[in-house]
Amino acid sequence: MSFEPLPPALAQCRSCARLVEHREQVAREKRRSYRDQEYWGRPVPGFGDPSARIVLLGLAPGAHGSNRTGRMFTGDASGDFLYPALHRAGLANRPTAVSSQDGLALSDVWITSAARCVPPGNKPLREELVNCRRWLAHDLAGLRNARLVVALGSIGHDSYLEYLKGNGARLVKRDYPFGHGRLHRLEEVGGLPLLDSFHPSFQNTNTGRLTAQMFDELLAQARRLVEAEPG
Ligand code: SF4
């Protein structure tokens with residue numbers, strides 16, 4: 001069966017009442033500069049190359065980014081940092097992401113997130129992350145060539161560990177503390193290796209907590225790791 005990034009059950013998912021209300025409210029009210037655009041306002045599907053070896057696992061849609069455009073990291077400051085880096089690394093055919101129709105294509109990378117609906121204040125509740133883990137599982141089950149998960153931030157990191165625990169992995173999360181550049185070998189508990197990065201949020205990139213050079217080095221490390229992983 002072919003991998004369907006937006007199955008009907010995801011497109012229609014309303015499991016988290018708080019997030020459903022928020023995503024639709026943001027889409028109705030809009031930011032002034034986008035008032036002429038129709039917002040997506042629904043769960044955002046994963047995006048990229050279905051044959052990818054590298055899976056980027058972020059937090060959740062941005063209110064006026066992917067909740068507006070319907071594509072991961074598209075149309076906001078995080079994407080303005082992420083996609084040029086993917087392009088420099090040879091993983092994207094262009095450095096910009098402005099809409100789902102802009103011709104952007106990724107190679108060897110898939111982008112997914114811990115929550116598919118925009119949370120107030122960028123902070124999903126624990127039960128919302130639990131609800132949405134089935135959609136992370138959906139992507140990971142469809143990505144048959146995945147060799148490495150790159151967590152974009154600690155919530156992505158946590159979600160991957162919780163996903164493994166949900167699949168029966170006997171692991172203790174404190175044995176795998178989050179840290180930028182840290183690699184967690186999870187093969188012994190049935191997982192893929194997990195490489196941590198700070199999230200490319202405006203807050204992190206604007207303050208220099210995450211620089212372009214740091215992220216370029218992390219992507220280079222990711223590429224070396226997948227080249228070394230058995231196919
Ligand atoms: Fe459904 Fe996930 Fe959105 Fe919750 S966050 S409503 S589980 S798609």
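The largest cavity in this predicted model has a volume of about 100 Å³. A search of the whole structure finds one cavity of 30 Å³ or more. The largest pocket holds about 750 Å³ of space. Six strands form an open sheet, and helices α4 and α6 pack on that sheet. Eleven salt bridges turn up in a search of the whole structure.

**The cavity**

- The lining of the largest cavity comes from 16 residues.
- Cys13, Cys16, Cys117, Cys132 and Trp135 are the lining residues nearest the centre of this cavity.
- Two elements, α2 and α5, each give two or more residues to the cavity lining.
- Helix α5 supplies the largest share of that lining, with five residues.
- By class, the cavity lining divides into ten nonpolar, two polar and four charged residues.

**The pocket**

- The largest pocket has a lining of 34 residues.
- Nearest the pocket centre lie Leu59, Ser78, Asn122, His199 and Ser201.
- Helices α4 (77–88), α6 (154–166) and α7 (202–206) are the elements that give two or more residues to the pocket lining.
- The pocket lining counts 13 nonpolar, 17 polar and four charged residues.

**The sheet**

- Strands of a sheet pair through backbone hydrogen bonds, either parallel or antiparallel.
- Here the strand order is β1-β3-β2-β4-β6-β5, and the pairing is mixed.
- The edges belong to β1 (47–48) and β5 (183–184).
- Each edge strand has a single partner strand, so one side of each is left without a neighbour in the sheet.
- Strands β2 (residues 54–58) and β3 (residues 109–113) run parallel and are joined by five bridges.
- Within this pair, valine 55 has tryptophan 110 in β3 as its bridge partner.

**Helices on the sheet**

- Helix α4 packs on the sheet and touches β1, β2 and β3.
- The direction of α4 makes about 160 degrees with that of β3.
- Helix α6 also packs on the sheet, where it touches β2, β4 (148–152), β5 and β6 (194–197).
- The direction of α6 makes about 160 degrees with that of β6.

- Glutamate 128 sits in helix α5 (residues 126–142), and arginine 18 sits in helix α2 (residues 17–29).
- The two residues are 110 apart, so the pair links distant parts of the chain.
- Helices α2 and α5 are also the elements that give two or more residues to the lining of the largest cavity.

Key
Residues are numbered from 1 along each chain as its sequence is written. This is a predicted model: local features need pLDDT of at least 70, side-chain atom pairs count only at pLDDT 80 or more; totals for chains, interfaces and linings use all residues. Side-chain values use heavy atoms; hydrogens and water are left out. On a 1 Å grid over the protein atoms alone, a cavity is a set of points where a 1.4 Å probe fits but cannot get out, and a pocket is an open set with protein on both sides within 12 Å along at least five of seven lines; lining residues have an atom within 4 Å of a point. Grid points are joined across faces, edges and corners, and a volume is the space filled by probe spheres set on the points. Helices (H or I, at least four residues) and strands (E, at least two) are DSSP runs, numbered from the N terminus. Ala, Val, Leu, Ile, Met, Phe, Trp, Tyr, Cys and Pro count as nonpolar, Asp, Glu, Lys and Arg as charged, and the others, Gly among them, as polar. Two strands pair if DSSP finds at least two bridges between them. Contact means heavy atoms within 4.5 Å. Axes are lines fitted to C-alpha atoms, for helices over the stretch in contact, and angles run from 0 to 180 degrees between N-to-C directions. A salt bridge is a side-chain nitrogen of Lys or Arg within 4 Å of a carboxyl oxygen of Asp or Glu.
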